[in-house]
Amino acid sequence: MSEGTMQLRAQRDQRDPQAKRAKRLTRVLVGAAAVPVMLVAAGCSSDSGSDDGKDKAAEESAASQSASPSPTVRAAAFHKLPEPCSVVTEKTRKDLVPKADSGKEGTSNDTASRASCSWDSLDDNGVKGSQFRWLSVSMLRFESDVTRGEGNKLAHDYYEKQLKDVQSAEGAKKLKTAPVSGTGDEASLVRYDLKKKEGTFKQQTVVTRVENVVVTVDFNGAGLAGDKTPDADDLAKDAQKAAKEAVAAVTKANGTAGDGKSSATPSPSKSDSKSGSKAPSEGSSKSPSTSSSKAPAKDS
C-alpha cells in the first residue's frame, strides 16, 4: 500500500467517528423536539374533553330542573256542602225547635264552601210563660292550596280559632268547655249562661271538624215571662245530637257513608292556639254565624 493511500484512509477513519456522533446528536435533538409537540397535543385534547364535560353537566342539570315536578298538596276530601236547612232530621228539628216552620238560610255567594241555616221557636203560653229556642248550623269548607296547605290542616286551624272565638263570647257566665266524642275528627262543646232583659239564656255551642269542613252548631233556650229556665244538660245533649247529624250530612253529600268520622288521624285540639287561616272563597276568616244567643222574636 502506498503512503498516499494510507494517509487517505487515516483521514477517513478520523472523519467517520465525527460523522457518526453528528448523526446520533441529530437523532437525539429530533426526538427531543418531538416530545413538546406530543405534550401540547395531549394538553389540547385534555382541555377539549374538560369543556365537553362541563357542557354535558350543564345540560344534564338543566334537564333535571325542567323535569322536577311542581309542588303539590293532598287534595281535600270533601268538595261540596249539603243543603244547610236539611242537615238535621225533621224529628230532631221538631224536638229542638218545635214551633219553627222552616229554616232561614244564610246568605252566601259560594254555597259549596260556606252555608248556614237557623230556626227559632217561641212556645207562648200567655200568663203561664213561654219557652224560647234557637238553633243554628253553619258549615265552612276549605280547599287544599299549594301556598296555604292542605284543606284538613286549614280546617283544623279554623276549628281552633272558632273554638277560641266562642269561648270569648261577651257577657258569658259559668263558661265550660268539654271534648265531644263520636262526632267528626275533633269536636268540643262550649256552654255558658247569657243574661238578657228577656231572661237567662242557656247557650250550647258545638264546634266540630270532619276532614276539611268545620261545622258549628249553636243552640240556646230560655224560659220567658216567669217560665222555668230549661235544663242546660238537656240542651247540651240536643246540641250534640244536631252536630252529629250535620256532620253525617256533610259526609253523605260527598258520597261517604257512616257517622261522619273520617279515616284521617285526628288533629290535637288546643283551645288556646292561634290561627291565621283564611276562610275559602269569600276571603274572610269570620264564621258564617255568631255564637251569641239570639233574643226571642217577641216578649211575653
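Let's start with strands β3 and β7: β3, residues 130–141, runs antiparallel to β7, and 12 bridges join the two. By pairing I mean that DSSP finds at least two bridges between two strands. The strands and helices are DSSP runs numbered from the N terminus, with at least two residues (E) for a strand and at least four (H or I) for a helix. At one place in this pairing, Arg141 stands opposite Val213 of β7.

A quick word on what we're looking at. This is a predicted model, where local features need pLDDT of at least 70 and side-chain atom pairs count only at pLDDT 80 or more, while totals for chains, interfaces and linings use all residues. Residues are numbered from 1 along each chain as its sequence is written, and side-chain values use heavy atoms, with hydrogens and water left out.

Back to β7, residues 213–224. It also pairs with β6, residues 199–210, again in the antiparallel sense, over 9 bridges. The hairpin of β6 and β7 has 2 residues between the strands, and Glu211 there takes a positive phi near 55°.

Please pick out Asn220 on your screens. Its relative accessible area is 0%, so Asn220 counts as buried. Gln203 is its bridge partner, and the side chains of Asn220 and Gln203 are also joined by a polar contact of 3.0 Å. For that term, we need a pair of N or O atoms within 3.5 Å; within protein, one must be able to donate a hydrogen and the other to accept it, and residues adjacent in sequence count only if both atoms are side-chain atoms.

Finally, the cysteines. The structure holds 1 disulfide, meaning a pair of cysteine sulfur atoms within 2.5 Å. Cys85 and Cys117 form it, with their sulfurs 2.0 Å apart, and the link is right-handed, with 95° about the S-S bond. Because Cys85 sits in the loop between α1 (3–67) and α2 (90–96) and Cys117 in strand β2 (residues 114–124), the pair ties together parts 32 residues apart in sequence. Cys85 is partly exposed at 22% relative accessibility, whereas Cys117 is buried at 2%.

How values were computed
Buried < 20%, exposed > 50% of the residue type's maximum accessible area, 1.4 Å probe, protein only.
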